[in-house]
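Open the model in your viewer and keep the selection tool at hand. The tour begins at the ligand and then moves on to the aromatic rings.

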Amino acid sequence: MVNRLLHFFKSNFMKIVSGIFFLTLLSITAWGQQSNAPAEVNYSNYFTAEKNFLVLPVKNGAPKRNIELWVDGVNTRFFDIELAEDTPDWLAYLDISQWKGKQVELRVDKIKQGSRVFNAVAQSDTDGDDSNLYKEKFRGQFHFSPKRGWTNDPNGMVYYNGEYHLFFQHNPYGRGWGNMTWGHAVSKDLLHWEEVGDALHPDQSGPMFSGGAVIDEKNTSGLGSPGKPAMVAFYTGARSWAQCLAWSTDGRTFQKLDKPVLPRINKDNRDPKVIWHEPSKQWVMVLYVERDKGQHSIQFLTSPNLKNWTKVSSVNGGIGGDGYLFECPEFFELKIEGSNEKKWILTGANSEYAIGTFDGKVFKPEIEKLKGQQGRDFYAAQTFSNEPKGRRIEIGWWRTNTDREGMNFNQSMSIPLELKLESRAQGLRLTRMPVKELEGLRDKTYSFGKMKLGKGSANPLASVDIELAEIRLEFAPGTAKDVALNVRGVPVVYNAEKQQLTIDGVTAPAPLIKGKQRWIIYADRTGLEVFAGDGLLFMPVNINIKPENRTLSLSASGGTAAISDIKVYALKSIWH
Ligand code: FRU
């Protein structure tokens, strides 16, 4: 045995020596690194809530830290944050006004040893007096975006006590998706939005995922009182995957029901949207449910009181990557324009939809899988309940390329759209047009008369100098092969042979109506929203427009086009 060991050492001497040398080197390096890199430690600090907001410094892209606020022994707020331990990019404001006078424990897991970020816990009476707010380089000027942090889906859209309420999937502490909270903004005119503080914060049921809201006019839930109906919101707790209820009687503060109204049905289920069904005098919920083998479906449920729900039917959508009827369902009835007939529309997040009938329990699709919007990155749209003029108004999440530079916010909503059901050459179709209210943003007007446009024509729009724009254009392509409207560097090109529109690589059908194209284009800093064929085509295309380009041009090639009308309006910002 000893001999064999000796032999081993002898024949492997050099390997052993170099091994020891290498290991020593490794441990010296590791030790060196350890001593250089500051250790990370758990951190806790107690402070007395004295002002309205706790100020949290954010550095976009910094390592994520987990923060908890313990109040009266309860973990009341918990979230992750790209905490700026040095110079922040921006400040997030967490409302602590309800705990004034109380001791709050701030826990951070982890923080750099010796970090002074919370040595003095910063509090503020206002949520910032940043004079650049809403003027940021990438901030859409007539699209809702959160004051700070990230947004995705619109939620709980409802009209209540003279205000439109727009809740939204919000990360109040970062410009990436996460910490899903219901943000809350209100507007009197669908254009000018004021944030009134986050409505629903993550709790033991999980982050607050998407859902809808209704006004319980008849107080079926007992949550309101005579003459003071409750606003009732539904959301998914994204840990329990149960559907939950929260309500408000003042449109500002919310209470959560202590237990879910609907336990998880199957796998992924989320995004409850509730409506009142007058003929059967009951509430109807549509809920996205993923069935086995990736089958998307919409579950229909009914309730007399918003609290007890009965499953009544379900409709299948696509499977897996086929996003037909996948997440964020919407369900509403519309009159067919020019008739007294009504039909029901069922849509999913990608806005593909079915048209059919509904008897209070079963939705029978008659036309399926029609294309909704045909642009880029418009998703998870919802419509307002209780719209005072009886219109069906939709707002979608319009993904924007706003996570740039030191921006303190990211993503936006689309402009509000009015939906109609119309009998067109193609059959029954849902149309989308900008809401009338948008006309209120018009400032300067440029009008141009009729003209012919062809090879060598001068640019009729050469006099325009514009940033935020609404453009209305009507033309007959005639013999022209292409008609191109260049909007501040973004070409909108109509191919006459294919009857198609192409914008920044996105192509969609734009059939002629009585030989004409009619376009409405809204241009904000974050891209174009294009309407053609009187709402048959809605094509939002997200692209950051260069601020220095303030020109428009119109041209036709391959023949002559007849322009019958052009109006260009410079628009005002909704923010200032
Ligand atoms: C759609 C969605 C919803 C979900 C929410 C979470 O964009 O995935 O299904 O509730 O976002 O933020």
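Start with two strands: β8 and β16 (269-277) each give at least two residues to the shell around the ligand. Strands here are DSSP E runs of at least two residues, numbered from the N terminus. Before going on, note that this is a predicted model, in which local features need pLDDT of at least 70 and side-chain atom pairs pLDDT 80 or more, while totals for chains, interfaces and linings use all residues. Residues are numbered from 1 along each chain as its sequence is written, and side-chain values use heavy atoms, leaving out hydrogens and water.

**Stop 1: the ligand shell**

Select the 13 residues that surround the ligand; D153, Q169, W177, R270 and D271 are the closest. The shell has six nonpolar, three polar and four charged residues. In this scheme Ala, Val, Leu, Ile, Met, Phe, Trp, Tyr, Cys and Pro are nonpolar, Asp, Glu, Lys and Arg are charged, and the others, Gly among them, are polar.

Now show the polar contacts, pairs of N or O atoms within 3.5 Å. Which distance separates a ligand oxygen from an N or O atom in the side chain of Q169? It is 2.7 Å. For the side chain of W177, the distance is 3.0 Å. S210 uses a backbone N or O atom, 3.1 Å from a ligand oxygen. The protein covers 91% of the 320 Å² of accessible area that the ligand has on its own (Shrake-Rupley method, 1.4 Å probe).

**Stop 2: ring pairs**

The structure holds 31 aromatic pairs. Rings of Phe, Tyr and Trp (its six-membered ring) pair if their centres lie within 6.5 Å; planes under 30 degrees apart are stacked, over 60 edge-to-face, the rest tilted.

Select F144 and W575: a tilted pair, 6.4 Å centre to centre, with 55° between the planes. F144 lies in the loop between β7 (123-124) and β8 (149-160) and W575 in the segment after β41 (561-571), so the pair ties together parts 431 residues apart in sequence. F144 is buried at 4% relative accessible area, and W575 is buried at 14%. Buried means under 20%, with a 1.4 Å probe and protein chains only.

**Stop 3: a charge over rings**

Finish at R399. Its charged end sits over the ring of W397, 4.5 Å from the centre, and over the ring of Y379, 5.4 Å from the centre. The cut-offs are NZ of Lys or CZ of Arg within 6 Å of the ring centre and within 35 degrees of the ring normal.

Methods. Helices (H or I, at least four residues) and strands (E, at least two) are DSSP runs, numbered from the N terminus. Buried means under 20% relative accessible area, exposed over 50%, partly exposed in between (1.4 Å probe, protein chains only). A residue is near a molecule or strand if one of its heavy atoms lies within 4 Å of it. A polar contact is a pair of N or O atoms within 3.5 Å; within protein, one must be able to donate a hydrogen and the other to accept it, and residues adjacent in sequence count only if both atoms are side-chain atoms.
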